[in-house]
Amino acid sequence: MNKKYTYVWVSLIVLIFGIIVVPRIVNRLSDGSVVENDRLNTSSKIDNEKLGYILLNGKRRKVPSFQFLNQDSILVSEKDYLGKVYVVDFFFTRCPSICPVMTTNLVNIQKHFKGEDNFGIASFSITPEFDTPKVLREYQEKYHIQDHNWNLMTGDQTAIYDLANAGFNIFAAEMPDAPGGFEHSGLFALVDKEGFLRSRIDEFGNPIVYYRGAILEEKGVNDHGETEEIGILKADIKKLLEE
């Protein structure tokens with residue numbers, strides 16, 4: 001075949017690919033059907049109208065079953081949060097490093113959504129042997145936790161660690177050399193009213209998955225006295241409440 005005609009055919013094929021295939025790929029990325037990788041990117045330039053779903057093996061990732069005692073010695077399960085948008089974190093009351101920052105940020109969020117019955121917080125202690133309901137109650141009072149939908153939970157340590165590491169993929173482990181003897185990430189997970197994990201989508205079509213809860217003033221605050229990260233989380237909570 002003449003090289004001139006070969007170039008024409010190649011150009012035509014490229015043009016057809018650009019017209020038909022590329023838009024379909026873009027649409028798949030934008031509607032959240034290819035959001036499976038765990039990424040952490042909360043750039044303020046990202047402003048999705050709708051939040052994406054976190055996928056695991058191609059399926060929407062849902063909060064696994066759990067049942068633990070809260071600060072009032074009441075059994076709480078994932079079913080108690082159905083119909084509510086909520087934030088999940090893992091902490092311990094004797095934590096000397098990031099937990100005070102995380103709890104302070106959650107109290108900030110609590111104040112912002114005061115009176116919103118469809119919002120809640122689920123905090124799981126990674127040192128349940130020490131963090132009894134009585135200790136959790138004292139921690140509640142210390143940080144002025146007032147929202148009745150904010151449960152500080154304790155129970156079987158193996159079950160809590162499994163919930164953190166396998167259920168939410170939020171790292172938690174005993175580490176003697178770490179501050180307080182335990183290591184965990186300062187991440188917040190966001191859950192919608194049906195129990196699915198949700199987040200913003202980055203420019204590549206991937207979910208940011210988690211929100212950095214252990215960032216305070218040293219990273220800069222906005223006009224409302226909060227970090228950009230917490231401001232983003234508040235905006236995303238609001239979007240899910242309105243769904």
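Asp192 and Arg198 are both buried (buried means under 20% relative accessible area, exposed over 50% and partly exposed in between, with a 1.4 Å probe and protein chains only). Their side chains meet in a salt bridge, 2.9 Å from N to O, where a salt bridge is a side-chain nitrogen of Lys or Arg within 4 Å of a carboxyl oxygen of Asp or Glu. The structure is a predicted model, in which local features need pLDDT of at least 70 and side-chain atom pairs count only at pLDDT 80 or more, while totals for chains, interfaces and linings use all residues. Residues are numbered from 1 along each chain as its sequence is written, and side-chain values use heavy atoms, with hydrogens and water left out.

Arg198, at 2% relative accessibility, also forms a salt bridge with Glu243, the closest N and O atoms being 2.8 Å apart. Glu243 lies in the segment after H5 and Arg198 in strand S12 (residues 197-199), so this pair ties together parts that are 45 residues apart in sequence. Helices (H or I, at least four residues) and strands (E, at least two) are DSSP runs numbered from the N terminus. Glu243 is partly exposed, with a relative accessible area of 47%.

In total the structure holds seven salt bridges. Another of these joins Arg137 to Glu141, with the closest N and O atoms 4.0 Å apart. Both residues lie in helix H3, four residues apart, or about one turn of the helix. Arg137 is partly exposed at 35% relative accessibility, whereas Glu141 is exposed at 52%. Asp72 is linked with Arg137 and Glu141 in a network of salt bridges.

The largest nonpolar core has 56 residues, and those with the most contacts inside it include Val88, Phe90, Leu190 and Ile237. Such a core is a set of buried Ala, Val, Leu, Ile, Met, Phe, Trp, Tyr and Cys residues joined through side-chain atoms within 4.5 Å. Among the elements that give two or more residues to this core are strand S6 (85-91), H2, strand S11 (187-191) and helix H5 (228-242). Leu190 touches residues including Leu51, Val87, Arg198 and Ile237, not counting residues up to four places away in sequence; contact means heavy atoms within 4.5 Å.

Helix H2 (residues 99-112) has 14 residues and reaches 20 Å from its first C-alpha to its last, close to the 20 Å expected at 1.5 Å a residue, the expected span being 1.5 Å times one less than the number of residues. Its buried residues include Cys99, Met102, Leu106 and Ile109. Cys99 has 0% relative accessibility, and Cys95 is buried at 7%. A search of the whole structure finds zero disulfides (pairs of cysteine sulfur atoms within 2.5 Å).
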